[in-house]
Amino acid sequence: MSERYSFSLTTFSPSGKLVQIEYAIAAVAAGAPSIGIKSKTGVVLAAEKKTKSLLYDDTTITKMEMITKHCGITYSGMGPDFRILVRKARKIAQQYYLQYDEEIPVSQLVQRIAYVMQEYTHSGGVRPFGVSLLVAGFDEETPYLVQCDPSGAYFAWKATAMGKNHINGKTFLEKRYNAELELEDAVHTAILTLKEGFEGQMTEDNVEIGVCTTTGFRKLNRTEIKDYLAALN
C-alpha cells in the first residue's frame, strides 16, 4: 500500500507515514558511520571518511566542519546535502552575531537548522535532506551533543552512533559510556566504537576526529590521530 504514496512528499500514507522521509532516513543508515560522545570537559566527534577510489586526493574530502568557534558538525548520509546545511548553518550563525554581537547559543543554532530540515519535508518541489547531523558545541561551561534528523526532529545525546552499523555502535556505547569520562577517554571510546563496524584497516587517512572544549572546536591532525590509533593497537 505504501508504494502508492512513495513519490509524494506531502501526502500521508494510510498508516500515517510520510514515506519519502523514511527513505531519507534509510539513506542516512546506509552512510558512513559517525560517532558522538559527550565527556565532562568536552565533546568528541569521530567519523569514517570513505573514498571510492585510491586515486582520490583524500585531503579534499572532509566529514566535519566548523560552524562557529565553539561549534562543529559532522554527518552520516549524503555529502552534498551536508554542504548545503553547513552553508545555511554558518549564515544563521553570522546573522545572529551581527544582530547580537555574540556567538549563537548551540541550542538555538540546532533549533534553526532543524527548522530548515523540517521545512523541506512539507514544501513543494523539494525533497527531504538525506542526511543526519551531529552537532558538538560549548556554551559557557556546558557541552552539547545534539542530533538532527531528516524529519526535522532533534534531540540531545550523551553518546550516539549514526550511519551504517549504528545499532551495534549504540549497543557498544551503552556498555562503555559513563558520565565521568575524561576527554582523552572519550576519544579512545569513539575510535573503538568506529572499529566495531569498520571495513578494512583504520588509519589516519580514513578517520576524522574533532573535539570541542571551552577553548573551541578543532579537528585533530593526522599525526594526532595516528598516535591515538597506535595507543589502541
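1. Let's start with the lining of the largest pocket, where strand 4 (71-77) and helix 2 (79-100) each supply at least two residues. Helix 2 gives the most, with six residues. Helices here (H or I, at least four residues) and strands (E, at least two) are DSSP runs, numbered from the N terminus. One thing to keep in mind throughout is that this is a predicted model, where local features need pLDDT of at least 70 and side-chain atom pairs count only at pLDDT 80 or more, while totals for chains, interfaces and linings use all residues. Residues are numbered from 1 along each chain as its sequence is written, and side-chain values use heavy atoms, with hydrogens and water left out.

2. How big is that pocket? The largest pocket has a volume of about 520 Å³, and of the 22 residues that line the largest pocket, Lys50, Ile61, Lys63, Tyr75 and Gly79 are the closest to its centre. On a 1 Å grid over the protein atoms alone, a pocket is an open set of points with protein on both sides within 12 Å along at least five of seven lines, a cavity is a set where a 1.4 Å probe fits but cannot get out, and lining residues have an atom within 4 Å of a point. Grid points are joined across faces, edges and corners, and a volume is the space filled by probe spheres set on the points. The pocket lining divides into eight nonpolar, six polar and eight charged residues; Ala, Val, Leu, Ile, Met, Phe, Trp, Tyr, Cys and Pro count as nonpolar, Asp, Glu, Lys and Arg as charged, and the others, Gly among them, as polar.

3. The structure holds one cavity of 30 Å³ or more. Strand 8 (159-162), helix 4 (166-176) and helix 5 (183-196) are the elements that give two or more residues to the lining of the largest cavity. About 70 Å³ of space lies in this cavity. Among the residues that line the cavity are Pro33, Ile35, Met162, Asn165, Gly169, Thr193 and Phe198. By class, the cavity lining has six nonpolar, five polar and one charged residues.

4. Asn165, one of the cavity-lining residues, deserves a look of its own. Asparagine 165 is in the loop between strand 8 and helix 4, and its phi is near 60°, a positive value in a residue other than glycine. Its relative accessibility is 36%, so asparagine 165 counts as partly exposed. For reference, buried means under 20% relative accessible area, exposed over 50%, and partly exposed in between (1.4 Å probe, protein chains only).

5. There is another positive phi to check. Aspartate 101, which is not a glycine either, has a phi of about 60°. Aspartate 101 lies in the loop between helix 2 and helix 3 (106-119) and is exposed, with a relative accessible area of 59%.

6. How do helix 4 and helix 5 pack? Helix 4 and helix 5 meet at an angle of about 145°, with their axes 9 Å apart. Gly169, Phe172, Leu173 and Arg176 of helix 4 make the contact with Thr189, Leu192, Thr193 and Glu196 of helix 5; contact means heavy atoms within 4.5 Å. That contact has three nonpolar, three polar and two charged residues. Axes are lines fitted to C-alpha atoms, for helices over the stretch in contact, and angles run from 0 to 180 degrees between N-to-C directions.

7. On to what is tucked away. The buried residues of helix 1 (residues 19-29) are Val19, Ile21, Ala24 and Val28, and what covers these residues includes strand 4 and strand 5 (131-139). In strand 5 sits valine 135, which counts as buried because its relative accessibility is 1%. Not counting residues up to four places away in sequence, valine 135 touches Cys71, Gly72, Ile73, Val106, Val110, Tyr144, Leu145 and Val146.

8. Is threonine 68 buried or exposed? Threonine 68, in strand 3 (residues 64-68), counts as buried because its relative accessibility is 12%. Leaving aside neighbours within four places in sequence, threonine 68 is in contact with Ala93, Glu103 and Ile104.

9. Last, have a look at glutamate 204, in the loop between helix 5 and strand 9 (207-213). Glutamate 204 counts as partly exposed, at 21% relative accessibility. The C-alpha atoms of glutamate 204 and isoleucine 225 are separated by 5.6 Å, although the two are 21 residues apart along the chain. Beyond neighbours within four places in sequence, glutamate 204 is in contact with Arg222, Ile225, Lys226 and Leu229.
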